[in-house]
Amino acid sequence: LSALLVYGWQQIDPWSALAALQLKPELGFSLQQGWRWFTPGWLHFSGSHLVFNLIWVWYLLGPLELKLGRIVAVSLTLLVLFFSNLAQWLMVDVNFGGMSGLVYGLFGFYWICGLLKPNWGLQISNGLIGFMLIWLVIGFFDLLWISMANWAHLAGLLAGILCAVLLVTASKALTVQR
């Protein structure tokens, strides 16, 4: 819902939406206005971009929250958004937006959890794994008609994979201690 509201705001007054939600290079790593490390995920520059990302987030985040709980879902979301936005800012600039970094983070989380902890029920098909990885590579070669936040995608994927490894490892350690 919040992404839809932000998109509506962007349609009415795009400059104020960007001013409020875009990363600011002059703030650097300052904690001042720290929300900006997360808010580029709510900026979308076309209706199709928004719908595409919302469908993926709905498809992946909803079941994850039901199976592992809200704390895991929110924590994963914030970590992935932070690292994907940070990477895109460091490697390119502040002119980006969208939840694709989160989508790739959720994809990486599912991929690793499906391999290491299949009883959690977070599997993703081999065909979808192939599609997402090919799409990631195509983005870096700039073969598409659209500009993509490739570094956000890659960092999101790596953050999701790392979060999955850490959570699976922690769950195994807790199981052993019981």
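In the predicted model described here, the axes of α3 and α4 cross at roughly 135° and come within 6 Å. The two helices α3 and α4 are therefore oblique to each other. On the α3 side the contact is formed by Leu61, Leu64, Glu65 and Leu68, which meet Arg70, Val72, Ala73, Leu76 and Thr77 of α4. By residue class, the contact of α3 with α4 comprises six nonpolar residues, one polar residue and two charged residues.

From α1, the residues Val6, Trp9, Gln10, Gln11 and Ile12 take part, and they meet Pro14, Ser16, Ala17, Ala20 and Leu21 in α2. Seven nonpolar and three polar residues make up the contact of α1 with α2, and no charged residue is present in it.

Individual positions within the helices were examined next. Leucine 61, placed in helix α3 (residues 47–68), has a relative accessible area of 17% and is buried, because buried means under 20% relative accessible area. Beyond residues up to four places away in sequence, leucine 61 touches Ala73, Thr77 and Leu106. Ala73 and Thr77 are also among the α4 residues that meet α3.

Serine 84 is located in helix α4, which covers residues 70–91. With a relative accessible area of 1%, serine 84 is buried. A polar atom of the serine 84 side chain lies 3.3 Å from the backbone oxygen of leucine 81. When neighbours within four places in sequence are left aside, the contacts of serine 84 are with Gly101, Ala152, Ala155 and Gly156.

The structure holds zero disulfides. Cysteine 113 is in no disulfide, and the nearest cysteine sulfur, 9.6 Å away, belongs to cysteine 163. For cysteine 163, the closest cysteine sulfur is likewise that of cysteine 113, at 9.6 Å, which is too far for a bond, because a disulfide requires a pair of cysteine sulfur atoms within 2.5 Å. Cysteine 113 is buried, at 0% relative accessibility. Cysteine 163 is also buried, with a relative accessible area of 16%.

Serine 125 is found in the loop between α5 (100–116) and α6. With a relative accessible area of 43%, serine 125 is partly exposed. Along the chain, serine 125 and alanine 173 are 48 residues apart, and 28 Å separates their C-alpha atoms. Aspartate 142 lies in the loop that runs between α6 (126–140) and α7 (150–177). The phi angle of aspartate 142 is near 55°, a positive value in a residue other than glycine. Aspartate 142 counts as exposed, at 59% relative accessibility.

How values were computed: Residues are numbered from 1 along each chain as its sequence is written. This is a predicted model: local features need pLDDT of at least 70, side-chain atom pairs count only at pLDDT 80 or more; totals for chains, interfaces and linings use all residues. Side-chain values use heavy atoms; hydrogens and water are left out. Contact means heavy atoms within 4.5 Å. Helices (H or I, at least four residues) and strands (E, at least two) are DSSP runs, numbered from the N terminus. Ala, Val, Leu, Ile, Met, Phe, Trp, Tyr, Cys and Pro count as nonpolar, Asp, Glu, Lys and Arg as charged, and the others, Gly among them, as polar. Buried means under 20% relative accessible area, exposed over 50%, partly exposed in between (1.4 Å probe, protein chains only). A polar contact is a pair of N or O atoms within 3.5 Å; within protein, one must be able to donate a hydrogen and the other to accept it, and residues adjacent in sequence count only if both atoms are side-chain atoms. Axes are lines fitted to C-alpha atoms, for helices over the stretch in contact, and angles run from 0 to 180 degrees between N-to-C directions. Angles under 35 degrees count as roughly parallel, over 145 as roughly antiparallel, 65 to 115 as roughly perpendicular and the rest as oblique.
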